[in-house]
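My entries follow in the order in which I checked things.

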Amino acid sequence: MVRAARGTNERTPLWFMRQAGRVLPEYRAVREGRTFTDISRDAALATEVTLQPLRRFALDAAILFADIMTPLIAIGLPIKIVDGVGPVISSPIERLSDVERIRAIDPETDVPYVLTTIRDVKRELKDEQAMIGFAGAPFTLASYLIEGKSSRSFLRTKALMYGNGECWHALMDTLTEITIAYLRAQQRAGADILQLFDSWVGTLSPQNYREFVQPYSRRIFAALLETGAPLIHFGTGTATLLADMSTDGADVIGVDWRTPLDDAWRIIGHKHAIQGNLDPAVLIAPADAIRREVDDIFRRVAGRPGHIFNLGHGFHPETPLASIERVVEYVHAAGATTIHA
Ligand code: 1CP
């Protein structure tokens, strides 16, 4: 995976967003009688569920079991992860004084369980398996903090962004500093690769992205450069943002299924590695449809190194395990022989 991020791989590495969650019966068993937060704050349980998908499938990476809100919960923001909903915030951010109350993070004391989980998972990984650390990007974190929950229209977020620049930039600045400290600590604990999840940034136009988000993405990647870890920048609905995102400092750009992989790669430039981009809904379809879609991705990769196979976004909960097994086998078979550049 690390070599693929640098464009020097000789086979195609594979992992899945949301691989360590509710698609696995062994996760649901651990979750029985416990909340998400109970698991993520207990390093032994978090280590167990981080490793579960690697026991079942031949994956090339583990991703830390935590949520994008984990560091914000740890510094005392009133956030709960609600079943079937996601993060819910009891007093959403409305004004500058709300932002000024958010304190800095000290990862060693605020999220020791995250760092312990990374160290403990690392000890269990095989040579070629990577440990992925991650954080939510400031825009996506801000959207939950301002909306109070998941949103489709991001109306409150945009109202604040367009209407109260002082508050917006203060919030983005604060979240940027938290994200940098949190990701640096994950790398020091042993994370081999760092992924920044800006899942909802695709709701912005390129000019919005440049003004309200890009300065912060750039600051994060610039600060992480010294870690030496490959950096992945992921968002969904980013077709019109890819050119800008590719200048922000990440090594790998993650793309969803809405943009054909070869088009996306041309836009970001072949000096960057690319991650993606199977439509997770394909895994609900029969085996021949899955094969056809995987083949199409490999055709678009066209034998270039620098491709990390993944979904375009996380698994749907109803994904059959047999479909996941098929994709893993098929990608490893196809990805072992196709790289020629
Ligand atoms: O106990 C449970 O099953 C609760 C469901 C759950 C889980 C398993 C949530 C609530 N978060 C997580 C773990 C999680 N979240 C991981 C680690 C596990 C893995 O990837 O295998 C990661 C990387 C995340 C990241 C995350 N959380 C993102 C970015 C990735 C993405 O999917 O875009 C986002 C947007 C969230 C918010 C969130 N947390 C949980 C839910 C259900 C959501 C999405 C809510 C929404 O749609 O707005």
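Predicted model: local features only at pLDDT ≥ 70, side-chain atom pairs only at ≥ 80, totals over all residues.

For Tyr144, I found an N or O atom of the side chain 2.4 Å from an oxygen atom of the ligand, and for Arg18 I noted a polar backbone atom 3.1 Å from a ligand oxygen. The ligand taken alone exposes 880 Å², and the protein buries 89% of that, with areas from the Shrake-Rupley method and a 1.4 Å probe (for residues, only the protein chains shown count as cover).

Residues are numbered from 1 along each chain as its sequence is written, and side-chain values use heavy atoms, with hydrogens and water left out.

Entry 3, the shell. I listed 23 residues around the ligand, the closest being Ala20, Arg31, Tyr144, Ser199 and His313, where near means that a heavy atom of the residue lies within 4 Å. By class the shell divides into 15 nonpolar, five polar and three charged residues; Ala, Val, Leu, Ile, Met, Phe, Trp, Tyr, Cys and Pro count as nonpolar, Asp, Glu, Lys and Arg as charged, and the others, Gly among them, as polar. Helix 2 (25-31) and strand 3 (86-89) each supply at least two residues of this shell, with helices (H or I, at least four residues) and strands (E, at least two) taken as DSSP runs numbered from the N terminus.

Which pocket does the ligand take up? The space taken by the ligand is the largest pocket, a pocket being, on a 1 Å grid over the protein atoms alone, an open set with protein on both sides within 12 Å along at least five of seven lines, whereas a cavity is a set of points where a 1.4 Å probe fits but cannot get out, and lining residues have an atom within 4 Å of a point. A molecule sits in one if more than half of its atoms lie within 2 Å of its grid points. I noted a volume of about 1700 Å³ for the largest pocket, that is, the space filled by probe spheres set on points joined across faces, edges and corners. Its lining has 47 residues, of which Arg18, Arg22, Tyr144, Trp200 and His313 lie nearest the centre, and helix 2 gives the most, with three residues.

I counted two cavities of 30 Å³ or more. The largest, of about 40 Å³, is lined by Phe36, Thr37, Ser40, Arg41, Thr70, Ile73 and Tyr113, and helix 3 gives the most to that lining, with three residues. The second largest cavity has a volume of about 30 Å³, and its lining has six nonpolar, two polar and no charged residues; helix 11 gives the most there, with three residues.

Notes
Polar contact = N/O pair within 3.5 Å; in protein donor to acceptor, adjacent residues only side chain to side chain.
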